[in-house]
Amino acid sequence: MTNKIITRFAPSPTGLLHIGSARTALFVYLFTRQNNGKYILRMEDTDKERSKPENEKEILESLKWLGLEHDEFIRQSDNLDYHKECLKKLIDNNLAYFSKEEIIKEGDRAEVIRFRNPGKKIAFKDLIHGEIVFDTTELGDFVIAKDLDTPIFHLANVADDIKSGVTHVIRGEDHISNTPRQILLFEALGALTIPIYAHIPLILDSDRAKLSKRKHGAFVWISEYRKNGYLPEAMNNYLALLGWSPQAANNNEAGTDDEILFMEELLKRFDISKVQKKSAIFDLEKLNWLNREYIKRQPQSEKIKELINRCPARVRELPLYSDDKLSLAVPLLVERINNYGELSDILGRGDFDFFFTTPHPNKELLRGGTFLRQTLDLIKETPNENFADPEELKKTLWGFATEKGRGEVLWPMRVALTGQAKSPDPFTVASILGKEETIKRLTHAEQILL
RNA sequence: GGCCCUAUCGUCUAACGGUUAGGACGCCGGCUUUUCAAGCCGUUAAUCCGGGUUCGAUUCCCGGUAGGGUCACCA
């Protein structure tokens, strides 16, 4: 016998990967890797009607995206023979029995298999909650299978854990009340050891209700964050912070106030026994903040790639569009977004069209443009190479602008270049546009004022 | 309703029984900036209530209240 730690994450392909489940998966992953254990991903697909292969695919993809790689993959349905064996054993030992039933709803069977509940007190230690005691008498003889070939949740779940030698069951708190009857089954099946439990609190919405699809749309599924251009690292980081804190020194020196923690750091600092007992409210603002921090830390080339991929066709068709020019605008765009999905919004809205098409600023917005002429002259005298760097460009005009009043000089210049009341600064814009286009636009603005 | 779990700023959270109750996000304010965004600095804000135990409770115990979970031939 080994004492290797074996864990499992057991999603059901009746739905996609919920944000709360993803956090559970993350905690399972962290705990297992910290202990050099084996992490089994088990698809709980015994509900044939509601399990969908496309859901399974999506769950797998989401987990992969998050980087939570498993060591072993099984489907609950692969263990059907073993489930049957367990059921027979229980029946042979008079620990379960076929029971005649009243048909209450559609799909009910006239006969099911019930567990003969010994009706006793069950106590178990939970890594997060401490000792929990239940009196199982009130549970009665619960159903464990529809027939020998159709086990349901409790039986299948316990049988699989026994078969895989699972040592630690880490799952959502909604399973806490399932635990006593599952322990009863472990005992009835003669399991050598019963796993150690850790029940992770739930994730709630701002109304303290369970994060539900009905109220929050697709934003309860991990795949949606992926689609919207959140980074998996940010997602993991945020999920880890929800219910656990790096401030809690797991022994003495692992504590830190720093909340931006890559997987490597999480692995070093995470401590499952320090996970909060209380359910946490999901806070998109903080996720957004973290995501921005992670975007900032990405290499420029990654940002450019995302940007080019997400640039709407309409923008690509603008007369002055080029991938190179879009790349130059990356820093400007990236500081305005929480996630890459917003990039398409910003570009789609036309906020940055001025880079790719000549604007026609209205007279009003140009505010008289008193110094446009002189600005234009200074621009014309500026050597081409100064346009490569906004700071250099700024030097050539700053003195003049300061002398005449910065607002007086710079506002009309910026409007001439962008046509907008709000935009990035004129030097950065001019630098991206280049000398020729800058001159063209300033000249154009002058004509408008005439 | 029964059973179970939980309770520190708006939110996420820290605090061997002794701290001016700390940090982060957001909010608000200021600085910087021609505008916007970003950046920098700062402010505001919490121990659910009532009893114990103790020299001393955020911390331990009990009760209340509130919130959540669960009571399927789903998982």
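Predicted model: local features only at pLDDT ≥ 70, side-chain atom pairs only at ≥ 80, totals over all residues.
The axes of helix α17, residues 390–404, and helix α19, residues 426–433, come within 8 Å and cross at roughly 120°. An axis here is a line fitted to C-alpha atoms, for helices over the stretch in contact, and angles run from 0 to 180 degrees between N-to-C directions. Helices (H or I, at least four residues) and strands (E, at least two) are DSSP runs, numbered from the N terminus. Contact between these two helices is made by Pro390, Leu393 and Lys394 of α17, and by Phe427, Thr428, Ala430 and Ser431 of α19; two residues are in contact if their C-beta atoms, placed from the backbone, lie within 7 Å.

Residues are numbered from 1 along each chain as its sequence is written, while chains are lettered from A and ligands numbered from 1 in the order in which they are written.

Let us turn to helix α8. Of the 10 residues in α8, 232–241, nine are buried. A residue is buried if 20 or more other C-beta atoms, placed from the backbone, lie within 10 Å of its own, exposed if 12 or fewer, and partly exposed in between. Among the elements covering the buried residues of α8 are α1, α2, α7, α9 and α10. Just after α8, Gly243 takes a positive phi of about 110°.

Strand β2, residues 38–43, is also mostly covered, with five of its six residues buried. β2 runs parallel to strand β1, residues 6–9, and four bridges join them; two strands pair if DSSP finds at least two bridges between them. Within this pairing, Ile6 has Lys38 of β2 as its bridge partner.

Next, two loop residues. Asn94, between α3 and β4, has a positive phi near 65° although it is not a glycine. Is Asn94 buried or exposed? Asn94 is exposed, with 8 other C-beta atoms within 10 Å. Arg367 lies in the loop between α15 and α16, and its phi is near 50°, again a positive value in a residue other than glycine. With 13 C-beta neighbours inside 10 Å, Arg367 is partly exposed.

Finally, the RNA. Around RNA strand B there are 61 residues, of which Ser12, Glu44, Glu101, Phe153 and Ser245 come nearest; a residue is near a strand if its C-beta atom, placed from the backbone, lies within 6 Å of it. Helix α18 gives the largest share of this surface, five residues.
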